[in-house]
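Work through the exercises below with the sequence and the model at hand. Try each task before reading its solution.

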Amino acid sequence: MILGCGKLVPARGDVTDPVGYTTLEAVPGEQRVLPLGLYRMDGIRVPVSAVSGNVISLAWAVSEENVSRLGSCFLQVREGLREGVSMRVAAISGASLTTRFDPMGMIQAGDMLEVISERTVGGIMSRATQAEINWGTDPENSDLIGIWNPQLQETTTLFAKEGVGWVDAEDAAAGDRSATVVPHPCPLLYTRRGDEILSFLVVGAVPMPSRQRYFRVWTGRNFLSMGVNPLEGSVADYFQSAGVFDIQSGRSAPASDVIRIHDWQSGVSPFFYRASSSGSGFEWREIGQSGPASAYPVELFEALEFHRRGVSKFVRFEGFTIPTSLGPAASTPLARSSAPAGVEGAELIDVKSRDSGIRVEWYSEPGVAYRVQWSAASYRGWEDWSPTVTAEGERCWVDCERRPGGLIRIIEETES
């Protein structure tokens, strides 16, 4: 392990979400649906004062500096009746925020919003670490990125053009399109050429607590990044009968909403449909099978393919809470360091891949001793990921052994 320290500007303000990361892999000869469910760590929180159509009036103006930093962005309701709602933002002007479509009563005065930057193709792929992106001369011999637009039911395809960048397969003359936004919560559709696996890190905030999530779906095919759930689950856990919000059911698959789960490591699940029973209940069934499929496991950090039979609306998925035995009460937001009550934590800056492992960076106070801890996304507890190190400046980093994705926190050592 290697420790380094250096000077930087003072630490940013308090942020309430812990940091998670995962390594995604694109396999040669396959198109993988790669989820991007972790949120960027640059959110701005502001209360809602009024809502009229798709214009949301904020309790105070968002500064020009923040607007320019956010650029293309989306919002999430962090506190309110529909906590967990996510939607894209069309424009921010002072204390006025315009969404790309009518939120249909999902946001109301008094809600606490978080406005968060969306990711770009170039920003995502800048974290590629193993093997190299296959840069070619045309879409036939280059790596491809597909971005699905559920509203239009079509895909924008970019290919890695040598010496240029990520170029639109339908309009190569337009040049580099690396700044193309991958709108939240859409995953990447990645087609890998060559014979080596391409892997890259996705790093971001894990919204906690998150008891529910609402996503807008359009009639037809939708792809959603489900994010990290610290607790293992099943189809029934995400789509409980008591928690389903406007998911269409019927006696057959053609009359029902249909889902398929994409695991970037192991492929895809069968198709499941929401079958209604003769009574008032329903159950999820595999297409072509008569028995229930509610126990099918939903692994960590997956993408959901959702075929909407009904009209375009928001649908609700179950979220999660943190076990109280492993940290603060589930209803209490966690510090970005994820430090439990009574433990001082430092603000994590970034997680990067290095040949020697994973580099973790955080804001520090000179002379203070720190330790990096890691937890599997199943959140069974914390373990040390680095030895104790003493900061020499206002920013520190340590190279840790490579581990699969999970949660990270930085804790200050205290005298016993």
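The exercises cover a sheet, the nonpolar cores and the aromatic rings.

This is a predicted model, so local features need pLDDT of at least 70 and side-chain atom pairs pLDDT 80 or more, while totals for chains, interfaces and linings use all residues. Residues are numbered from 1 along each chain as its sequence is written, and side-chain values use heavy atoms, without hydrogens and water.

**Exercise 1. Give the strand order of the open sheet of five strands, and name its edge strands.**

Step 1. Strands are DSSP runs of E, at least two residues long, and helices are runs of H or I, at least four, numbered from the N terminus. Two strands pair if DSSP finds at least two bridges between them.

Step 2. The order is 3-16-12-13-14, with antiparallel pairing.

Step 3. Strand 3 (31-34) and strand 14 (165-168) pair on one side only, which makes them the edges.

Step 4. Look at one pairing. Strand 13 (residues 154-161) and strand 14 are joined by four bridges. Ala160 stands opposite Trp166 in strand 14.

**Exercise 2. Describe the largest nonpolar core.**

Step 1. A nonpolar core is a set of buried Ala, Val, Leu, Ile, Met, Phe, Trp, Tyr and Cys residues joined through side-chain atoms within 4.5 Å. Buried means under 20% relative accessible area, with exposed over 50% and partly exposed in between (1.4 Å probe, protein chains only).

Step 2. This core has 31 residues. Val121, Ile145 and Trp166 are among those with the most contacts inside it.

Step 3. Elements that give two or more residues to this core include strand 2 (19-26), helix 2 (121-125) and strand 12 (144-149).

Step 4. Another core lies apart from it, with 27 residues, among them Ala346 and Trp385.

**Exercise 3. Classify the ring pairs Tyr21–Trp385 and Phe306–Phe317.**

Step 1. Rings of Phe, Tyr and Trp (its six-membered ring) pair if their centres lie within 6.5 Å; planes under 30 degrees apart are stacked, over 60 edge-to-face, and the rest tilted. The count by this rule is eleven aromatic pairs.

Step 2. Tyr21 and Trp385 are 6.1 Å apart centre to centre, with 15° between the planes, and the pair is stacked. Tyr21 lies in strand 2 and Trp385 in the loop between strand 32 (383-384) and strand 33 (389-390), so the pair ties together parts 364 residues apart in sequence. Tyr21 is buried at 2% relative accessible area, and Trp385 is buried at 1%.

Step 3. Phe306 and Phe317 have ring centres 6.2 Å apart and planes at 70°, so this pair is edge-to-face. Phe306 is in strand 26 (residues 302-308) and Phe317 in strand 27 (residues 313-320).
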